[in-house]
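Here is a short report for a reader new to this structure. Look at the sequence and the model first, then read on.

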Amino acid sequence: MAQTADGSQVADPQDADQVDEIIVTGIRGSLRASIEQKRDADNIVEVITATDIGKLPDENVADSLQRVTGVQISREGGEGRSANIRGLAATTYINGRSAASPGRTRDFDLRNLTADFFEAVEVSKSVLASQPEGTLGGSINLVTRKPLSFSDRTISAGLEATYSDYSEEWDPRGTFFIADRITDTFGASFGVSYSRRSIRQDAAFNQGGMQIGIAPTTTGFDFNRDGVRNDYIRPNDYRFSSLLTERERIGGDLTLQWRPHEDMLLRLDGTAARLINDTTAAFMSVANGFGTANASNIVLNSNGFLQSGTYRNSAVNVDGRYTPEALNTHTIGFNGQWTPGSWTFTLDAATSAGDYQEVAQILRFGGPLATVNVRPTGDTSPYNIEILTAAGQPYNFFDETQFVPNLTFDRLTKARQRNNIITLDGQYQFADGIFDNVKFGVRSSDFLFTASEANIGNEFNDTTNPAFYRNGVRLNASQSPFNGIVTRNFPSEGGFFSGEGGSFPREWLTTVYTGQNVENGSRNWRNLLNFNGRRALLPLSVARVEEETQGLWATTDIDTEVFGMRMRANVGVRVVKTDLTSSGFDAQSRPISVSNSYTDTLPAGNIRFDLSEDLVLRFAAAKILQRADLADLTTSFNVIPGGGTASIGNPNLLPYEATNYDAALEWYFSEDGLISGTIFYKDVTNFLISQTTLAEIPGYVPLNRPPGDPLGNQFFITQRINGSGATIQGIELSYQQPFTFLPIEGFGTVLNYTYSDAETTTGAPYEGLSQNTFNVIAYYENGPINARLAYNYRSESAQTVGLNINSNSLGSGIAADGKPIGLYQYLIPQGFLDASFSYQINDDIRVVVEGINLTDQQSVLYVDDRSTVNQVIKTDRRMTVGLKMTF
């Protein structure tokens with residue numbers, strides 16, 4: 001195995017013929033290739049080969065990664081978005097290079113990358129000093145196909161159609177790839193993919209967080225510490241949304257390779273992707289009537305959380321939204337390797353960029369105040385809620401004369417990342433002795449993040465706007481200009497949460513948008529509401545973070561015998577200096593700039609003992625760091641007026657630091673059989689925690705606060721600070737084997753399980769960590785038939801800590817029994833069953849049938865316990881049929 005410029009392990013480009021042997025067809029062959037690469041690696045890794053990726057029913061790389069031992073993914077719209085390793089953040093590389101991502105975090109948005117372009121995915125769990133710093137969990141290296149790895153011209157293509165059962169739509173997907181070894185020393189490859197998905201996603205949720213309510217009777221709880229035990233905890237509001245998204249993804253990959261001399265190999269490569277989410281939505285919200293006089297029939301659980309209640313004078317709002325977003329990424333790189341004699345020198349230079357843009361256009365109408373009977377309970381169903389008029393009659397959500405506009409705005413949000421990296425590495429290979437080689441290198445990176453928000457909006461009290469008032473009289477939804485865009489035709493077939501039980505509104509008035517444009521929104525809608533001016537830039541949203549790193553490293557490989565056993569080791573150290581400058585505007589719109597610098601020394605060691613021909617024992621230890629997310633390092637605010645929440649960055653944050661220890665035992669009992677176990681321990685310092693306060697933000701007003709709300713115009717403002725420490729420990733178990741002992745050939749299985757437990761000094765849960773995850777994969781492959789079932793399970797995980805509540809009040813509130821009440825939000829256990837089947841018609845053409853999320857798994861978040869549901873999301877199951885061809 002060789003190392004890329006960034007230290008990730010990939011097949012040596014000099015050994016093109018050897019690589020060609022590894023890329024084999026069939027499930028069993030791909031699993032064998034993965035085992036070989038895992039066994040030969042210097043550190044603890046997991047590998048997915050190209051055939052393995054192609055045979056799984058996975059549309060993007062994240063969906064494939066969830067099958068890897070210890071990897072957990074987050075989902076959006078029913079498909080994988082980002083991945084972590086053992087519950088900790090992972091850095092994504094493309095051909096060993098850091099890749100910029102569209103958005104406000106360092107997490108690479110894997111939705112942008114189709115699985116078809118990659119010959120291997122390598123997950124590194126223990127660290128080599130040659131690998132760049134920057135992550136606690138490990139790294140994910142995506143290796144693209146190289147043209148000199150092919151002996152002949154190869155063309156592959158795929159044509160598929162996908163049916164989504166909730167949106168009830170068929171959508172196309174196509175891929176094309178060609179690689180040509182034009183001469184013995186020059187090759188080129190090109191790939192392109194296109195897909196479209198119609199996504200329907202219904203959600204019931206609480207956006208404003210949990211708040212303290214005052215009951216008309218004694219509750220036994222004093223969360224606000226006023227000496228009166230009549231407090232309880234309730235949702236800020238109840239929201240219902242039905243989103244229809246047309247997702248379009250197009251990507252391309254180009255690689256040129258040239259070997260001008262037997263000692264030199266040059267490569268120029270690039271990848272590009274564009275993802276469009278064109279989304280329209282129908283929203284409805286109910287805000288609890290404020291004040292003790294409005295509440296009655298309050299029922300609480302043992303921790304003081306609302307289980308049911310009646311609220312008079314509750315505000316009811318309906319709206320339609322158009323929120324298109326565009327995500328663009330590209331990476332361009334040059335790699336040159338020269339091997340004069342015992343020396344190897346590698347120069348790698350790359351630039352990558354990620355751009356994110358979202359338009360949000362909203363027109364909201366308020367109806368008459370209502371009496372609400374609510375029961376935010378259950379397990380996997382939305383809130384049960386009955387909405388009545390003040391007279392106790394069923395609420396009419398379709399009487400346009402009773403709904404008046406109370407909010408509209410047109411917002412443009414942008415974020416951009418740019419990353420320039422250059423590395424120069426060297427290696428000297430010793431002829432003999434226990435030291436196999438010495439390696440060294442330098443790396444320089446310049447990472448830039450910018451973000452901004454521009455907005456234009458109208459409030460209902462703007463009597464000069466003819467879109468709201470005519471002759472001083474407030475308009476309603478039945479009058480011009482609204483009668484042209486307000487509709488009774490609910491956009492989602494069958495109504496909200498169709499096919500699901502429960503008592504809640506199924507349809508309501510909404511708005512339609514015409515002249516839609518992903519880049520600029522609906523111009524017709526802007527003209528109708530007199531948004532004739534340009535969106536105004538919001539100074540508090542402007543952010544610029546520039547992060548420069550300079551690093552150098554050195555390692556050596558040792559190969560010797562100890563007590564008759566072969567021992568191989570890689571030990572080394574990396575030193576890196578980080579300079580950060582964060583700039584923006586303060587609350588008075590004055591420019592501000594904050595700088596921060598730090599230097600870290602990061603030793604790492606990996607050692608392996610070949611206990612026998614088939615048994616390998618590994619140990620690893622390293623000091624690692626992970627820098628804070630980009631949004632957390634800004635000087636700017638990220639404000640959500642609709643939820644009354646905001647976050648502000650902290651440029652003085654120091655990175656997470658951790659010491660990692662791993663021990664692994666791997667038994668390779670056959671060419672394609674493996675049983676392995678790993679124990680890991682991480683001691684994390686500078687752990688980031690959230691601190692939440694209440695304050696006003698100049699230029700912003702919470703949008704859903706009724707008159708008399710005791711919070712006034714204050715926002716719940718969250719900021720990350722360096723605080724406590726944490727320890728994470730666990731085990732990983734893996735087993736894979738073809739069942740060659742059965743009378744019927746072709747059956748086999750892959751099983752893996754991860755237990756990961758975290759303890760923080762504050763007692764807070766570790767966000768995003770599932771204690772238990774496992775995969776069960778069963779396959780059958782015989783002759784032209786190929787079939788696979790894959791089940792992925794992860795136990796519950798904390799998703800939001802604090803829930804936008806002032807940590808000085810509710811976060812440390814005292815219950816009647818004297819115990820502290822922690823307020824955390826959890827994602828319930830999830831299990832996803834996917835399946836694939838293919839039939840090889842001839843040497844070139846294969847028919848495929850795939851099913852995704854066959855269990856119809858929903859995403860459910862709860863607070864305190866499972867009886868207090870805080871969010872339920874329902875999306876599609878998918879079935880795909882198609883042809884895949886290789887010539």
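## A buried serine

Ser 314 is buried, with a relative accessible area of 0%. Buried means under 20% relative accessible area, exposed means over 50%, and partly exposed lies in between (1.4 Å probe, protein chains only). Ser 314 belongs to strand S18, residues 306-322. Helices (H or I, at least four residues) and strands (E, at least two) are DSSP runs, numbered from the N terminus. A polar atom of the Ser 314 side chain lies 3.5 Å from the backbone oxygen of Ala 287.

## About the model

This is a predicted model: local features need pLDDT of at least 70, side-chain atom pairs count only at pLDDT 80 or more, and totals for chains, interfaces and linings use all residues. Residues are numbered from 1 along each chain as its sequence is written, and side-chain values use heavy atoms, with hydrogens and water left out.

## Aromatic pairs

Rings of Phe, Tyr and Trp (its six-membered ring) pair if their centres lie within 6.5 Å; planes under 30 degrees apart count as stacked, over 60 as edge-to-face and the rest as tilted. By this rule the count comes to 26 aromatic pairs. One of them joins Phe 240 and Phe 496 edge-to-face, at 5.5 Å centre to centre and 90 degrees between the planes. Phe 240 lies in strand S15 (residues 237-261) and Phe 496 in the loop between strand S27 (486-487) and strand S28 (510-511), so the pair ties together parts that are 256 residues apart in sequence. Phe 240 is buried, at 0% relative accessibility. Phe 496 is buried too, at 0%.

Tyr 395 and Phe 397 form a tilted pair, 5.0 Å centre to centre and 50 degrees between the planes. Both are buried. Ring pairs also link a cluster: Phe 240, Phe 490, Phe 496, Phe 497, Phe 504 and Trp 508.

## Charges over a ring

A charge sits over a ring if NZ of Lys or CZ of Arg is within 6 Å of the ring centre and within 35 degrees of the ring normal. The charged end of Arg 200 sits over the ring of Tyr 166, 4.0 Å from its centre. Lys 874 lies over the face of Tyr 166, at 4.8 Å from the ring centre.

Two strands pair if DSSP finds at least two bridges between them. An open sheet has 4 strands in the order S34-S35-S39-S38, with mixed pairing. Its edge strands, S34 (637-640) and S38 (688-695), each pair on one side only.

S38 and S39 (residues 715-722) run antiparallel, joined by 8 bridges. Thr 692 stands opposite Thr 718 in S39.

Note on methods
Polar contact = N/O pair within 3.5 Å; in protein donor to acceptor, adjacent residues only side chain to side chain.
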